[in-house]
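Me: Hi! I'm new to this one, could you walk me through a few parts of it?

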Amino acid sequence: MSGSSEGFVRMRILQCVVLAVFLVIVGRLAWLQLFDSRYEELAKANVLRHVVQYPPRGEVFDRNGEYLVQSRVCYDLMVISREIDRRGFDTTRMCEVTGVSRERLVRELANARMRPRAPRLVISYVSKEDKLRFDECNFRGFFMIERTVRRYPREVGGNLLGFVGEVTSDYLKRHPDYRPGDYVGLSGVESAYEPLLKGRKGVKIQEIDTHGAIKGSYMNGRYDSLPEMGHSIVTTIDSRLQLLGEELMRGKVGAAVAIEPSTGEILMMVSSPTYDPDELVGRERGNNYMKMLYNKRRPLFNRAVKAKYPPGSTFKVVQGLIGQQEGVLRPSDHHSCHMGYQAGRLKMACHAHSSPLDLRFAVATSCNAYFCYVFRDILDNPKYSSVKEGFDVWKEYVESFGFGRKLGSDFLDEGNGYVPDRAFYDRVYRGSWNSLTVLSLSIGQGELGCTPLQLANLAAIVANRGYYYIPHIVKRIEGCDSIDARFYERHYTKVDPRYFEPIVEGMWRGVNVGGTSTAAQLDGWDVCGKTGTAQNPHGRDHSTFLSFAPKDNPRIAISVYVENGGFGASAALPIASLLEEYYLTDTIRRPELLEHVKNMQIHYPAYDR
């Protein structure tokens, strides 16, 4: 009896449990049907369209508040293949309204079928006018996304400012926070300051009816987010000086860089040939890019920060400074020059000038022989155990001037230049070499390679009597307290400031007392300069010039490099002088020289054949 009673109890308990479970299920279903709207909202999600809201990129200004880069509105035409009304779609009308070619439209629609639920770009850079006509047509499955693209009101600084393009698959692998269809800065300022310029994307969720028409914002925009514009940037560039620099360098191959010595701010950076940055915006961007890519003069290559040029005679100022610091040279020391330097069968030619001469006039007249003596005295210094040890010391000095390494500017693609080391010559000469073997380094030739930015920085170092600030192009960033702290730090060379005075005096005499740079003289401005003629084994010599002004409290330091330009005073000097005059006086009082430089014809067989 007790056993059957226990079985009855267990059965009742089981029935109660089953009933309770049933009631829970029924109650849950009733709640979902009558009260809970979540699944209704999820069902609506099948006809919700998430439209990315792209922010305007930050705008870019010059140091005086003039626009260098602005943003303008355009639109991307998108399509979702599964939503297209195949029967009622008018291909001809679509092409007329948006300007897309029939061939491209057919191709993109075919590609869109591979992922029928995903939005696909049909064509970019649709104008506001075309977008309004598009809205009137109500093409089912098609919609527009607002974009902003760049425009360049001053039409200068192509290599300097850089350009913007759509992200590539390789870029997406390295930067997972980007998505296909995003735009990104690919060079210049646009690339260096991409994180600040790009802004933050938003999203708008739209409800779409069965005909593909937009009913409105989902939940009255409760889940929408607004895009945030990128930070605007004030650069250190003087746009008027930049414009003149590009005009003077037009038709020539090379670079010109100007720096404010007291701050390291880049006033001008010209790479020639350059390009109109507007050519890399719009539907012809791809065609224009390919033309530039295959242009033998390489307009997309920023020579100002990437090219490795022999500095030529401008490098003699470095030799003079090292010699003094090492105690092997006094400014009063005289050396003879009989049209060059000779040691055994080795001859280093020089031009005619007075002899013997001291350091100041050796700088002013750019005497090759003088600096051959100085260079050999540095390497053969008896306080070192060998020439190779002396060479190591010389290299350390050179690197302290910023050569052979990146200066750390805000150009991501800045080059190192090149300063050979002991190991290089050991490989080339199998360990057997001396100061005569590397004598070409004494006049800035041989294996030395310097970027125009490094040479302009050398001019700033001499102007400052021994130190520099890292050259940089951004002066102020909207919404940020200051720029990177490293741009405020002084970097000193290994040469004591007192040894710079004879070099400065020599550069001043070179311009004002009958040296090789007299054509750079500007009344009342105490210009200091140093010419350079860099030997070129592939044609006419390169022309280069280093300068700063005024002599005391200098406001501008400049380097100009013209490939195949001949003597330093022939091409580079007049360009630098006109730029200095314009920056310092706000005018040009030598119209004949201006026309001469603009009309200068330089032949480049290596590029043009």
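Reply: Happy to! In E5, Ser71 has Arg150 as its bridge partner. Keep in mind that this is a predicted model.

Me: Which strand does E5 pair with, and how do the two run?

Reply: E5 is joined to strand E3, residues 67-79, by 10 bridges, and the two run antiparallel.

Me: Is Glu190 buried or exposed?

Reply: Glu190 is buried, because its relative accessible area is 1%, and the cut-off for buried is under 20%.

Me: What does Glu190 touch?

Reply: Leaving aside residues up to four places away in sequence, Glu190 touches several residues, including Arg57, Val69, Arg150, Tyr152 and Phe163.

Me: New topic: how do the axes of helices H20 and H21 cross?

Reply: The axes of H20 (residues 572-585) and H21 (residues 591-598) come within 10 Å and cross at roughly 130°. The two helices are therefore oblique to each other. H20 passes H21 in a left-handed crossing.

Me: And which residues make the contact?

Reply: On H20, Pro574, Ile575 and Leu578 make the contact, and on H21 Leu593, Leu594 and Val597 do.

Methods. Residues are numbered from 1 along each chain as its sequence is written. This is a predicted model: local features need pLDDT of at least 70, side-chain atom pairs count only at pLDDT 80 or more; totals for chains, interfaces and linings use all residues. Side-chain values use heavy atoms; hydrogens and water are left out. Two strands pair if DSSP finds at least two bridges between them. Helices (H or I, at least four residues) and strands (E, at least two) are DSSP runs, numbered from the N terminus. Buried means under 20% relative accessible area, exposed over 50%, partly exposed in between (1.4 Å probe, protein chains only). Contact means heavy atoms within 4.5 Å. Axes are lines fitted to C-alpha atoms, for helices over the stretch in contact, and angles run from 0 to 180 degrees between N-to-C directions. Angles under 35 degrees count as roughly parallel, over 145 as roughly antiparallel, 65 to 115 as roughly perpendicular and the rest as oblique. A crossing is left-handed if the near helix is turned anticlockwise from the far one by less than a right angle, and right-handed if clockwise.
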